[in-house]
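Let's take a walk through the side-chain contacts in this one.

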Amino acid sequence: MAEQPINTTGTHPTSSGPKRSSVGIHGITESARYSMSEMGPKRSLQTLLTMNHVDGFDCPSCAWGDPDPDHRKIAEFCENGVKAVAWEATRKRVDAEFFAEHSVAALRERDGHWLESQGRLAQPMHLAPGATHYAPISWEDALALTADRLRGLADPNRAVFYTSGRTSNEAAFLYQLLARRFGTNNLPDCSNMCHESSGAALTETIGVGKGLISYTDITDHADLIIVVGQNPGTCHPRMLTALEQAKRRGARIIAANPLPEAGFGRFRNPQTARGLIGPGTKLADRWLPVRVNGDLALFAGLNRALIDREDAQPGSALDHDFIDRYCDGFEAAAAAWRALDPSRIETMAGLSRRLIEDCAADVLAADSVVVCWAMGLTQHRNAVATIREIVNFLMLRGNIGRPGAGPAPIRGHSNVQGDRSMGIWEKMPDSFLDRLRDEFGFEPPRAHGLDTVDSIKAMRDGKVDVFIGLGGNFASATPDTEVTEAALANCVLTVHVATKLNRTHLCHGSEALVLPCLGRTERDLQASGEQLVTVEDTMAMVHSSRGRLFPGSPHLRSEVAIIADLAHALFGADLGWRDMRDDYTVIRRHIEHVVPGFHAFEQRVRQPGGFMLPRAPRDSRTFPTPTGKARFTVNPPTAPEVPPGHLLLTTVRSHDQFNTTVYSLDDRYRGIKGGRRVVFLNRDDLRDLHLHEGDLVDLISVNPDGERRAPGFRAVRYPTPRGCAAAYYPETNVLVALDSTAETSNTPTTKSIVIRVEPSNGGGDTSEAQDRSEQERRRTQRGRPQHDVAPGPCDRADQ
């Protein structure tokens, strides 16, 4: 194959407008087409009929919960779950021959969709200093090299241990143990970039950084379900089945989202006659087209409406018994709501006062309310304040600690919540570290480590030499793409444990390793026999996962085995690393002693459906806060300042995408076909900007440290709120400044980017390869410190 720049992202996408229904027969045919093309009939049956079942494996995509075992269907999966499994269980392989044929420089000219579509990584690969191609390396040599580089560091904190959300509980626990035994709390993970804001807000207000609902709270008990800043039809499709069950039981559903999404229209459940040949089920009773980042104002307005109703008719709106017995801070919060300017709320939320009042009427008619949200809320400057305001809203009517009620942050990646439970966090409390010390007999480091954003800064500034990534696509998932790629290139060694080739493996340090691991779909055989692993879903249910396919290559190792063998190479047999590798029940016994809620872990996880972790506010209405009570907070509504002639951009994923993994170049639900470099614009904004649909434009973000440009996007007319725009990530992550983060949580503000839109120079097509070249030219000006370090591979466009 010729090594030349190829743009497979598409520069001529077509648009047919948003769809009004989701799934249906098209979902079945798309699932079957993708599954058969990647896996074939035998592997499709082996995987899909066991996915999300008691004796099978957990879906490697989203973290949505499962029904009780007695209520699961034969096909307990969604279209995107099928694609995630087919993506992992593909018959295509990326082996030594592939890397011999393709230089690193040539691979960098390909986009992420092409890279990952080449197939599964088949054997360990090494990029020597100054080399142009990855070359095979034995496992023993790869692990010895990594251990040698780690031992040679002047300070353990010059290493960073990053974790993706797909890692099992067992691998995550072992990984944090390795990092802390080495002497650092530098344990950034993908939670830093998604639900860190949720954890910060919930811990401050109710004392627990997780949601409080169960699957049946939605399906069987909630009277009103508010879904805000979330697109379940694309990001959590199996949630639609639960919402349909709630709807048919009589629950009302309010959807608050800047873009109309097919998942909020009619759900054509492919497992029912009504869904296949009938009209389907209309899910959302009310859609609130809130402005981008208008959610804080929306909930402040709702709380003001409830206070007004209570003031007018005492006892009609608030649960004073709950407030008086279980909460503090109410009077200050109520005074702040009474002082709000209703017209300012309308402007900031982009919603009329009448619409907010109608919403409040729905709330007053409901005994039990659930609020669900995802990254549409968590990736703004005021994200933590917004989620605190949602907790205020729930507390006003006692909607915490009873069936069918509570906060529900919907996690986006399978087991990202479990990773945090296992200790993957740069700021684990001393109580956890004390138990770790008592269990293993060493003193863990106490100083807080680096989160994701701070890790990038440290690598950029030459303060980190070794980066180890356990899964994920760090360079594409993180903000400020130019800076991040340069930061990785500034390392002495980068090590990536992965199933597929991705962009991050091509933005490497002076030396690099790519280590292939088993996927969820594959059998994990160790010395004691076949192993199972465990995961925790978004509803704090812990259950087992056991792959059914034989490994795609004899060179694949499990994540647990890779971590344990690296630890043994570093420390010898001091903590029994190989015992844990050979038998995962040994790891689970350690987890029992260290992690609260995991008592009798082995016995309970082998029960059908697993077990639910305790969450005190849900279980007993006790709140582990400093005061022992749930805390009302004051959160003045704020919004980004958008200068005249500018727009507020939010990033979204396409329907054929999971996180940074792109399955195809289409977005069926939004009517986009054949490309991803599109920007969705309100028709009046198009007119005011003197643009027409189909024009090729550049997106320029405005930041205190300068502008960032993403060239070559097709303008698409779309029903977004006036002044708001949307585009896909990771293509637009280049626009997000590294210093633009949420208050308290330090999460990148990927969902609210102030931009201006300009016609592309010359009006011609701009490929992703050209976009990369422009990024390369500017990187040294902003992305790297000016000190005497040889440029890394992602700093040279001419390799």
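This is a predicted model: local features need pLDDT of at least 70, side-chain atom pairs count only at pLDDT 80 or more; totals for chains, interfaces and linings use all residues.

A disulfide would need the pair within 2.5 Å.

Overall, the disulfide count for the structure is 0.

Now for the aromatics: searching the whole structure turns up 22 aromatic pairs. Take Tyr162 and Phe474, whose ring centres are 4.9 Å apart with the planes at 75°, so this one is edge-to-face. Tyr162 belongs to strand 7 (residues 159-163) and Phe474 to helix 24 (residues 474-477), so the contact ties together parts that lie 312 residues apart in sequence. Both Tyr162 and Phe474 are buried.

Phe330 and Phe632 make another edge-to-face pair, with 5.5 Å from centre to centre and 70° between the planes. Here the partners are helix 16 (residues 330-338), which holds Phe330, and the loop between strand 24 (630-631) and strand 25 (647-652), which holds Phe632, so parts 302 residues apart in sequence are tied together. As for burial, Phe330 has a relative accessible area of 12% and counts as buried, and Phe632 is buried too, at 6%.

There's also a cluster: Phe98, Phe99, Trp114 and Tyr134 are linked by ring pairs.

## Charges over rings

Which residue has its charged end over the ring of Phe571? That's Arg181, at 4.5 Å from the ring centre. Arg604 does something along these lines with Phe611, lying over the face of the ring at 3.9 Å from its centre.

## Salt bridges

On to the charged pairs, where the structure has 60 salt bridges. One of them joins the side chains of Glu196 and Arg420, at 3.1 Å from N to O. Glu196 lies in helix 9 (residues 196-206) and Arg420 in helix 21 (residues 416-421), so this bridge ties together parts 224 residues apart in sequence. Are these two buried or exposed? Glu196 is buried, and Arg420 is too.

Asp685 and Arg722 form a salt bridge as well, with the closest N and O atoms 2.9 Å apart. Asp685 is in helix 31 (residues 683-688), while Arg722 is in the loop between strand 31 (706-717) and strand 32 (724-728), so the link spans distant parts of the chain, 37 residues apart. Asp685 is buried, at 6% relative accessibility, whereas Arg722 is partly exposed, at 39%.

Arg437 is partly exposed, with 30% relative accessible area, and Asp438 is exposed, at 58%.

Technical notes. Residues are numbered from 1 along each chain as its sequence is written. Side-chain values use heavy atoms; hydrogens and water are left out. Rings of Phe, Tyr and Trp (its six-membered ring) pair if their centres lie within 6.5 Å; planes under 30 degrees apart count as stacked, over 60 as edge-to-face and the rest as tilted. Helices (H or I, at least four residues) and strands (E, at least two) are DSSP runs, numbered from the N terminus. Buried means under 20% relative accessible area, exposed over 50%, partly exposed in between (1.4 Å probe, protein chains only). A charge sits over a ring if NZ of Lys or CZ of Arg is within 6 Å of the ring centre and within 35 degrees of the ring normal. A salt bridge is a side-chain nitrogen of Lys or Arg within 4 Å of a carboxyl oxygen of Asp or Glu.
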